[in-house]
Amino acid sequence: MSSEEFEKLHEIYRSLYDELKLMPERALRCYGEERKRLVRTFDERQGEAEEVLQGMEEELRAAPSSHRNAMSTKLRLYRRDLGKLQRDMKNSAPGFGSSNQPVGGSHHGIYSSQNQQSTHLQSQRALLLQGTESLNNASQSIERSQRIANETEQIGTDIIEELGEQREQLDRARNRLVNTGENLSRSRKILRAMARRVVTNKLLLGVIIIMELAILGAVIYLKFFRPSN
């Protein structure tokens, strides 16, 4: 049940009420059989209106609380208006109410037919709501899966970027090691060249010392040991 069903019954009631509110004035202008037919018609329409109001009461009990106050106010106004029409009809046709005939069985009345349609529509609505709920659950599940996939993709992207940075760091470290190795090779070559120069200088220094000693020995010999003529 819903406020939509209440509005459908409201439309039915308004149609009956618009027909009923013209009858008291018509009853003042007619007599005999015509008035009796008018009274019977009023009685039938009144019974149908009562059935519709009963249906609206059932809708009111099952309606959401957000709509219940407005629906209850409408229902009270409808019953008040219907009661006023009954009083007007009694004043216009004094015989009204003495031979009221019951309206046909409830399963033949307007509201019963409407209620059957409402039950069918309600079952369809329930199935539709159930299908909609399942679709919403599936959509939410897809959204969660999509969100997890996006998060996983973002994590993978961050890892790839981090690995790229680490690779760049390793490349720079390798380049520094290569440069260090080249510098060490150049340093070893320079040290070997310096070592050769040191050895060469020592050899030259030794030769020079030997030559100086030889010259000194020759000078001493010539000066002190050579026999004079």
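Which residues touch the most other members of the largest nonpolar core? They are Y13, L20, V52, L53, M56 and M89, within a core of 25 residues. By nonpolar core I mean a set of buried Ala, Val, Leu, Ile, Met, Phe, Trp, Tyr and Cys residues joined through side-chain atoms within 4.5 Å. Buried stands for under 20% relative accessible area, exposed for over 50%, and partly exposed for values in between, with a 1.4 Å probe and protein chains only. At least two residues of this core come from each of α1 (3-20), α2 (23-28), α3 (32-62) and α4 (65-92). Helix α3 gives the most, namely eight residues.

Before I go further, a word on the basis of these values. This is a predicted model, in which local features need pLDDT of at least 70 and side-chain atom pairs count only at pLDDT 80 or more, while totals for chains, interfaces and linings use all residues. Residues are numbered from 1 along each chain as its sequence is written, and side-chain values use heavy atoms, with hydrogens and water left out.

The confidence comes next. The average pLDDT, the predictor's confidence in each residue on a scale from 0 to 100, is 79 for the protein, and 81% of the residues score at least 70. Over residues 98-115 the pLDDT is below 50, and this stretch has 27 contacts in the model beyond near neighbours in sequence; a contact means heavy atoms within 4.5 Å. Where pLDDT is low, the predicted coordinates should not be read in detail.

As to the overall architecture, the protein has five helices and zero strands. Helices are DSSP runs of H or I with at least four residues, strands are runs of E with at least two, and both are numbered from the N terminus. Buried residues account for 21% of the 229 residues. Of the contacts between residues at least 6 apart in sequence, 77% join residues at least 24 apart.

Let me return to L20. Beyond its neighbours within four places in sequence, L20 is in contact with F42, R45, Q46, A49, L82 and L85.

E19 is partly exposed at 32% relative accessible area, as is E44 at 37%.

A further bridge joins R79 and E57, whose closest N and O atoms are 3.0 Å apart. R79 lies in helix α4 and E57 in helix α3, so the pair ties together parts 22 residues apart in sequence. R79 is partly exposed at 31% relative accessibility, and E57 is partly exposed at 27%. Elsewhere, salt bridges that share partners join E19, E44, R45 and E48 into one network.

Finally, where does F224 sit? It is placed in helix α5 (residues 110-225). F224 counts as exposed, because its relative accessibility is 58%.

Conventions
Salt bridge = Lys/Arg side-chain N within 4 Å of Asp/Glu carboxyl O.
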